[in-house]
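This report covers charge–ring contacts, aromatic pairs, salt bridges and pockets, in that order. The sequence and the model are shown first.

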Amino acid sequence: MRINFKFHCAEIFKCGRNILALMIFAAVIFSNTPVFSAARKNYKSAYDIVIAGAGTGGTAAAIQAARMGASVLLVEPSTWIGGQATAAGVTSMDDMSRLKSGIYLEFYNRIKNYYDLRGKSLATCYWDKKGSIAFEPHIGQEVLINMINDARRKGIIDILFSSSVTAVQKDKNKITGATIKSHDGERKINCKVLIDATEYGDVLPLAGAEYRVGNSVSPFVNPDAMIQDITWVAVIRKYQGGAPEYLKPKTPLPGYELAARNYATYVSANGNNFRYTYPVEIPVNFISHNAYRGMPDSSNPYNYDADRANWPHITKTQVNWGNDYPGAYGWSNGKRGLPAAYLEDKKTRIQIEHDALIKTLHFIYYIQNELNEDWSVANDEYHLNKLPEAAYGLPYEWQEIVRHMPPIPYVRESRRIIGRHTLTSREIVENSLSYRDGQTSREFQDAIAIGGYILDLHGANTDADIEWDLDERAKSAVINQPRGPFQVPMSIMLPKDVDGLIAAEKNLSASRFSAGALRLQPITMMTGQAAGALAAISVKSNKRPRDINALRVQWELLESGVVLSLCNYSDVPPESKINHAVQISNLYGLMTPKEYPHVPSYKIEDLDDPVIAMAIIKGNDKGKFDTENYLSAGEAIELLNTARKVFRIINTSELFEDSPEKFISRGDFVRAVYDTFPLLERAEIPKNSRLPFSVNKNKNSKYVEKMAHLGILNVYVPDSEFRYGRPVTRGEAVDIIVRAAVVSAGI
């Protein structure tokens, strides 16, 4: 294990751990300098994993990989970690899945704990305290920093800020390293796995991977193919007694008159109160505007949530609505959205981001001078020592505003890798219908995350903008809307023909509509965690990511607290020791439960659907696995044959000679499992392994002892006796089968 903290000042090394954490926090809050950056000479020449982009996906990938013992270098172009959730200022979590797990759940719990200790609510956004959560950007970053520091206890995470990957080294088709450009020049870093978690998918072309931009495909990308709007978000707050003079520009920027007319259609002094009807009746008044993306305010002693009575008390919010760029005016010839050139050409990107930034700056002037509100950018969030490239040419008084704005824009659509599989909106809706309206399992066998969001494109959503080759149309956004939470398959993270490359963040292999449902902060954090697990297993086993059995990644994620199955059972609660195995059984269809859930489908954006609420109250959202019933010989044969099929085991050994109705003993079942998975014979017993059961001279004892040493019989721990002759239950059987499959997958 190596704990590696690197800062500009060598004196920091002398500080204790608690003091160090405070200094990190102070560095983030008060100077916004690269809190983990170090001189070039302090970095290693090789890491197990290089991750381009320290956003939601990249940070989660780094944490997961380091927890598994890998060495990781995070390369981040800005001076913030957290990407869209913190660096871009979009801290209202767009989570419609009703499910939090894994690193995202850890992140949420730490955020909640911070505000709970201060008596503040997280339910401050979307006009509804029962909706999503929100937090202040600097608190989100502090939490991620602490999670990274905790992960360093098991592995290495070094972070290089204000840096980017500019080239990729390959040996034939295998990635061997990356060239990284930082303030002190370029250097080559060797690595075994490279993860593209950038906001734009910038590593994909450098790695020679095929990718999509809009509805066009590399290497023949159409620069005029359209993608979604971006938004340069601002975090604004109400200043008691008036905003500071340095945050009140005196002169509007060029183009303000047109921008003011645009904003007047969204927010006006005499606008409507939001009435909980959609689409929103605009313009709304300023109080309703602030309640849309409201966030807690650590500087405000008053505690508010998103209840209507509290809207006037909200003192901190995001500007992320009427400032989409280019927004309603479109790009050219009436086209909505942005051209693919935004992603493909650096000069075009800077120009577009410059214009997007100015559009938001216009709103700051608008609320101060047209709405006469004592609001401006929050001066307790961002403190940029270096302005973003997009701020070129701004007058000094506006530069002071930008210093307190997010360092990066909110980018909704990036390049998307062409992977081993491309996820379409039809697949998402079919998957989301698992166990709904009387239907049974449509789960993805290689699921590595669960998300929940609508097929949402901000612009560029006409037939002319969609991928017809993927059987997508504009109407897909209506007919293929998810009807509940849905899974993300591992196959969309892996390129077709480049080894050592994994896609994360918004760069997954998906149609534009599917990517629109996968781009939100909770799901990018969870897919990032899966990317980190896959990369760490690849490094540890010295195998290509494409050769890693999905089952190994899934088991690692389950052990890390991730939920993978869409199906729940009343007799298999989350704390059950067989819960993970039952989830795997659901994914692969190993064992048919006694009863499936009976859940109605619903509009995923309707979090208060009364029909689904009643189904949950009645317990219809949970089936029954029938864990305690004994397994007959016939059922055991069916289970083992199914396992051979789904795990692709070539084995013709006979299973049982007993009659199909007879219950199978534990000893006989263990032997049958051992015979089913021939690789178990080659499995090495871990060093210092202790047999959990007392030695017995039963005919099946050698199989029991071997499988117990391998952890396959953990369902019977902490019993001191194995009890060979006792019948095996359905729950025990599925746990043993799955654990045997996991061990075999790692050999």
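## Charges over rings

Arg349 lies over the face of Tyr200, at 3.8 Å from the ring centre. A second contact of this kind involves Arg118, whose charged end sits over the ring of Tyr114, 3.7 Å from the centre of that ring. A charge is taken to sit over a ring if NZ of Lys or CZ of Arg is within 6 Å of the ring centre and within 35 degrees of the ring normal.

The model is predicted: local features need pLDDT of at least 70 and side-chain atom pairs count only at pLDDT 80 or more, while totals for chains, interfaces and linings use all residues. Residues are numbered from 1 along each chain as its sequence is written, and side-chain values use heavy atoms, with hydrogens and water left out.

## Aromatic pairs

The structure holds 27 aromatic pairs. Rings of Phe, Tyr and Trp (its six-membered ring) pair if their centres lie within 6.5 Å, and planes under 30 degrees apart count as stacked, over 60 as edge-to-face and the rest as tilted. In one of the pairs, Phe286 and Trp375, the ring centres are 5.4 Å apart and the planes stand at 85°, so the pair is edge-to-face. Phe286 belongs to helix 7 (residues 286–292) and Trp375 to strand 16 (residues 375–377), so this pair links distant parts of the chain, 89 residues apart. Helices (H or I, at least four residues) and strands (E, at least two) are DSSP runs, numbered from the N terminus.

Both Phe286 and Trp375 are buried. Buried means under 20% relative accessible area, exposed over 50%, and partly exposed in between (1.4 Å probe, protein chains only). Ring pairs also link Tyr126, Trp127, Tyr266, Phe274, Tyr276, Tyr278, Tyr292, Trp311 and Trp321 into a cluster.

## Salt bridges

There are 35 salt bridges in the structure, each a side-chain nitrogen of Lys or Arg within 4 Å of a carboxyl oxygen of Asp or Glu. One of them joins Asp150 to Arg110, with the closest N and O atoms 2.8 Å apart. This pair links distant parts of the chain, Asp150 being in helix 4 (residues 137–151) and Arg110 in helix 3 (residues 102–116), 40 residues apart. Asp150 counts as partly exposed because its relative accessibility is 25%; Arg110 is partly exposed too, with a relative accessible area of 29%.

Arg415 bridges to Glu344, where the closest N and O atoms are 2.7 Å apart. Arg415 lies in the loop between strand 17 (410–411) and strand 18 (416–417) and Glu344 in helix 8 (residues 341–344), so the bridge ties together parts that are 71 residues apart in sequence. Arg415 is buried, with a relative accessible area of 5%, whereas Glu344, at 33% relative accessibility, is partly exposed.

A further bridge connects Lys496 and Glu210, the closest N and O atoms being 3.4 Å apart. The two residues are 286 residues apart: Lys496 is in the loop between strand 20 (486–489) and strand 21 (501–503), and Glu210 in the loop between helix 5 (203–206) and strand 7 (211–213). Lys496 is partly exposed at 43% relative accessibility, and Glu210 is partly exposed with a relative accessible area of 28%. Glu136, Arg237, Asp297, Lys316, Asp380 and Glu381 are linked in a network of salt bridges.

## Pockets

The largest pocket holds about 1,600 Å³ of space. On a 1 Å grid over the protein atoms alone, a cavity is a set of points where a 1.4 Å probe fits but cannot get out, and a pocket is an open set with protein on both sides within 12 Å along at least five of seven lines; lining residues have an atom within 4 Å of a point. Its lining comprises 48 residues, with Tyr278, Tyr292, Tyr453, Ile454 and Asp456 nearest the centre of the largest pocket. The lining divides into 24 nonpolar, 9 polar and 15 charged residues.

The second largest pocket has about 1,300 Å³ of space. It is lined by 45 residues, and Pro77, Ser78, Ser164, Lys346 and Glu389 are the closest to its centre. Helix 9 gives the most to this lining, with 4 residues.

Conventions. Points joined across faces, edges and corners; volume = space filled by probe spheres on them. Nonpolar A, V, L, I, M, F, W, Y, C, P; charged D, E, K, R; others polar.
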